[in-house]
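Okay, thanks everyone, I'll keep this short. Have a look at the structure on the screen, and then I'll walk you through a few parts of it.

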Amino acid sequence: MPRPVKSKWFIVALVTIVLLVVIGVTANKSSKLNWLSNILSVPLKPVQGFLSSVGREIEDFFGYFQDIDVLREENEALKSEVEELRRKNREFAELKEKNDELRRALNLKAEFADYTIAGANIIAVEPGNWFSVFKVDVGERDGIHVDFPVVTGSRGLIGRVLDTDISTSNIQTIIDEESAVSGWIAKPGGGHAIVKGDLQLKEEGLCKLVYIPIEIDIEVGDIIETSGVGGIYPKGIEIGTVIEVRKTNSEFDRYAIIQPTADFKRLEEVFILKSEKYDETGSAEQ
Amino acid sequence: MKRKLVVYFFIIFLLLMLQTTLLQYTRIRGVMPNLLITLTIVTALVRNSTEGAAVGFFSGFCIDMQFGPVLGFYALLGMYTGIAAGSLSRRIYRENVLVVVFFTFVYSIAYESVVFIINNIMSGDIGFTFAFTKVILPEAIYNCAVSVLMFPLLVSAGKWFDAARSARKY
């Protein structure tokens, strides 16, 4: 039957052309066509939320038995650490007081003063094995916009909002291959470097620090924070700790492995920093 | 026809839900199977390239709507995977689980390689050997295991579709 075969290829060609046009149009984030994604993400939100919580319940249940031994050891270690920390804490309290005094003197703004914090639950994860993107249960309706920073409860950097729908949004983590964050090596004489996701490290929940300035003597244990350069992340959010420095071909060409402060294997609730500045400019545009 | 649509819609939604939520816990060395592309390949092999293409297109479109940075990329790729899997295996006896497993392996590798290459074409960073050994290959093997489970399901669904069709004809 030549006729149906011909028409079959005609349909394929037509669909291909239409999809290529749609890909082209939706590559532009502001395109109205991106609204199509609400058709699916709005009704699926409760189902995904439910299944994700069921999964966590099951994991917690089995984790309970495995955890007992680990917890006992950890308890011992923690007890001794508590003593140590108590002592340090007293020192820090004094330093903080001094710091506050100096801050006031310099008229510096408090950390994240321009942001309000919105809590969100992870409801789904991207289906493939390539990216590290997840979906949370807040969206445009909750005042979430693209590029808002996302942090953990202890203020460790998770990533940023990649795109939003009415009631859900996708978060790109800093361990995602496509992610690059401007970091600051937080020590005397520190400098700028780039924190990048890496396919090889992603599986272990780690990322890479690249473009480290030659003059900086980077060591294991150094803390990396956001630098505030680039406009997405405010300055001073903790990204992670250096756990290894690797030299490539030459002394000047080196990179470090970062253990992020956020534990990407056990993320449940995240916090989105809503910029108030954004709302002002956003409404001004409309 | 109606029966077919309902069954495919239901399977795709079910797999999409599992893929994005509970399947996280089945990761082995960080890799999980890709249920939707396995469904596309198995459908194409057991049924034909038209149904494979339709399933590939629709499940790809669902992924695009949920997670894609652009709409249409996975839909296009899914459609072509369905067509390729359906037409290249046309001459081989399809209702044999080993044939299905073999082609699931081949097309999973082809599909994920294309995804990797297109996503990394811009960045000069070429870690294809790593990606192949640590992600593409284990995923393909994982998909093969899933295809063994999907195969009888789709064969019986197919028989049901055909029964409805011939019942209407005569």
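So let's begin with a helix pair in chain B: H2(B) and H5(B) cross in a right-handed way. Bear in mind as we go that this is a predicted model. For the two helices, H2 covers residues 35-46 of chain B and H5 covers residues 97-120 of chain B. They pack at an angle of about 130°, and their axes are 10 Å apart. That angle is why we call H2(B) oblique to H5(B).

Which residues of H2(B) and H5(B) meet? On the H2(B) side you've got Ile37(B), Thr38(B), Ile41(B), Val42(B), Leu45(B) and Val46(B). Facing them from H5(B) are Val100(B), Phe103(B), Thr104(B), Tyr107(B), Ser108(B) and Tyr111(B). If you sort the residues of that contact by class, you get nine nonpolar, three polar and no charged.

Let me zoom in on S8(A), residues 207-210, and take its neighbours in turn. With S7(A), residues 192-196, there are three bridges, and the two strands run antiparallel. One pair to look for there is Val195(A), whose bridge partner in S8(A) is Leu209(A). Then there's S11(A), residues 254-260, which is also joined to S8(A) by three bridges and runs antiparallel to S8(A). Here Cys207(A) has Ile258(A) as its bridge partner, and Lys208(A) stands opposite Ile257(A).

Last topic: the two chains together. How many residues of chain A are in contact with chain B? There are 33 from chain A, and they're in contact with 35 residues of chain B. On the chain A side, at least two residues each come from helix H1 (2-26), helix H2 (38-106), strand S1 (115-125) and helix H3 (199-202). And which element of chain A gives the most to that side? That's H2(A), with nine residues. Careful with the labels here, by the way: this is H2 of chain A, spanning 38-106, whereas the H2 I began with belongs to chain B. By class, the side of chain A that touches chain B has 18 nonpolar, eleven polar and four charged residues.

Okay, that's my tour. Happy to go back to any of these views.

Key. Residues are numbered from 1 along each chain as its sequence is written. Chains are lettered from A and ligands numbered from 1 in the order in which they are written. This is a predicted model: local features need pLDDT of at least 70, side-chain atom pairs count only at pLDDT 80 or more; totals for chains, interfaces and linings use all residues. Two strands pair if DSSP finds at least two bridges between them. Helices (H or I, at least four residues) and strands (E, at least two) are DSSP runs, numbered from the N terminus. Axes are lines fitted to C-alpha atoms, for helices over the stretch in contact, and angles run from 0 to 180 degrees between N-to-C directions. Angles under 35 degrees count as roughly parallel, over 145 as roughly antiparallel, 65 to 115 as roughly perpendicular and the rest as oblique. A crossing is left-handed if the near helix is turned anticlockwise from the far one by less than a right angle, and right-handed if clockwise. Two residues are in contact if their C-beta atoms, placed from the backbone, lie within 7 Å. Ala, Val, Leu, Ile, Met, Phe, Trp, Tyr, Cys and Pro count as nonpolar, Asp, Glu, Lys and Arg as charged, and the others, Gly among them, as polar.
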